[in-house]
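Dear colleague,

I am pleased to hand over the structure that follows. Please look through it alongside the notes set out below it.

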Amino acid sequence: MKDDILPAVRLAHSQVPEDSVKRWKTVIPIVAELKVKARKLGLWNLFLSKAHYPKHGVPLSNLEYAVMAEVLGRGGPIASEAVNCSAPDTGNMEVLARYGSPEQQEKWLLPLLNGQTRSAFAMTERFVASSDATNIRTSIRQEGNEIVINGHKWWISGAGDPRCALHLVLGKSDPNNSDRYQQQSIVIVPVTTPGVKVIRPMKVFGYDDAPEGHCEIIYENVRVPLSNLVLGWGKGFEIIQGRLGPGRIHHCMRSIGAAAQALDLMIQRVTDPSRKTFGKYLYEHGTVIADIAKSRAEIESARLLVLSAALQIDKFQAKGAMKEIGIAKFVVPSMALQVVDRAIQSFGAEGISQDQELAGTWAGLRTLRLADGPDAVHIQQIGQRELKRAPALAKRTVEIKQKEKLLLERYGAKSPL
């Protein structure tokens, strides 16, 4: 990170052309160089634990990767790409490693693991409240030995990259099924398939995030072989729950690093002798020291949440760690946003300009409060999970009261309460 990636961040940004066409056809040269070096060092596919994926994984636990991902978070998107740990590829590789057929793994997973291709995950839809994924309307139906797909997606990250080779598309294959969670299936769609139309890249607070982008896509009578169905009909929800758990925690891991990087920048800024105002260092004004202390405390607290979630994934896989993942998902990005906002304030107008990385970092973190499910969804799920404990708590209270009454009677005492 110190020797290779951080010195390359500004160069990577400069190597993305300003031209509106060329920027979507560019493979950033310095990132390609970093990937070659990282792979030679064995720093590759760090997210894929051999414990869960013995055939394709690396000998690291999710907990160990969490420590590394925090470090990577300091370098922005190019750091994760340099070690082949970028979203959405990480989640897609996990889907194919866990649920893909041997043929699907050979054709689609291995090139992703080798860093030869990239991918997209097409779930979110335009004109639909797709924070509830049961609302999606994209049609997936079988015709003979083919699957036909029709739908309108957007915010499909990675779809703009010239190396993107496949989309994993979630759609409804059995809309009349009485079980809302058995209506969906996932299909592998090669990007070169007729009918796949990338309409435009969406902008996030003015950033288009080229060349990966977050694209609007229309699938119009797209036909793929029946063998491109992942796992089986009606297995879409099972797959996305397995996919989103690790992906959500990966975002949180990197967010800790992004917040730590912002705090470091803030400390350097407020102690810079050339930045004295009214005869004082910046940290000698107002509440700057308190902001630094709060930021450090919040980073340390949030890190423990993330490490706890990573440990639960190691023990019970993502399905057994949903509480820890959900809490981290709505706590960590908001924490990181606060830290970055304080850092921006210490830089003044420069902090919101293209001359500093903080504005882009803030935009990315703010997006995370919507990506992989908005905060409100996770908060509701955690609250509902807590409320389910109410009967057991009431039962326990009754039992304690009974024992309390017996104790009071034995000692001839009256309750002071």
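Predicted model: local features only at pLDDT ≥ 70, side-chain atom pairs only at ≥ 80, totals over all residues.

Annotated regions

Strand pairing

Strand E3 (residues 146-157) pairs with strand E2 (residues 139-143) in the antiparallel sense, over five bridges. Serine 139 has asparagine 150 of E3 as its bridge partner. The hairpin formed by E2 and E3 has two residues between the strands, and glycine 144 adopts a positive phi near 65° in this hairpin.

E3 is also joined to strand E7 (residues 214-225), by nine bridges, and these two strands run antiparallel. Glutamate 146 is placed opposite proline 225 of E7.

Backbone exceptions

Most residues other than glycine have a negative phi, and most peptide bonds are trans.

- Tryptophan 155, which belongs to strand E3, has a positive phi of about 60° although it is not a glycine.
- Alanine 87 and proline 88 are joined by a cis peptide bond, with omega about 0°; proline 88 sits in the loop between helix H4 (77-82) and helix H5 (89-99).
- Alanine 210 is linked to proline 211 by a cis peptide bond whose omega is near 5°; proline 211 lies in the loop between strand E6 (196-201) and E7.

Helix contacts

Two packed helices are described by the angle between their axes and the distance between the axes. Two such pairs are described here, and helix H9 takes part in both.

How do H8 and H9 run relative to each other? The axes of helix H8 (residues 288-316) and helix H9 (residues 322-347) cross at roughly 155° and come within 9 Å. Since angles over 145 degrees count as roughly antiparallel, H8 and H9 are therefore roughly antiparallel to each other. Their crossing is left-handed. Among the residues that make the contact are Ile299, Ala302, Leu305 and Val306 of H8, together with Val331, Val332, Met335 and Val339 of H9. By class, the residues of the contact of H8 with H9 comprise 12 nonpolar, four polar and five charged.

H9 also meets helix H10 (residues 358-368), with axes that come within 9 Å and cross at roughly 160°. That angle makes H9 roughly antiparallel to H10, and the crossing of H9 and H10 is left-handed. The contact includes Pro333, Leu337, Val340, Ile344 and Phe347 of H9, and Leu358, Trp362 and Leu365 of H10. The contact of H9 with H10 has 11 nonpolar, one polar and three charged residues. Lys329 and Asp341 of H9 and Arg366 of H10 are among those that take part.

Yours sincerely

Methods: Residues numbered from 1 in each chain as written. Heavy atoms only, no water. Axes fitted to C-alpha atoms, helices over the stretch in contact; angles between N-to-C directions. Helix = DSSP H or I, 4+ residues; strand = E, 2+ residues; numbered from the N terminus. Parallel < 35°, antiparallel > 145°, perpendicular 65-115°, else oblique. Left-handed = near helix turned anticlockwise from the far one by under 90°. Contact = heavy atoms within 4.5 Å. Nonpolar A, V, L, I, M, F, W, Y, C, P; charged D, E, K, R; others polar. Pairing = 2+ DSSP bridges.
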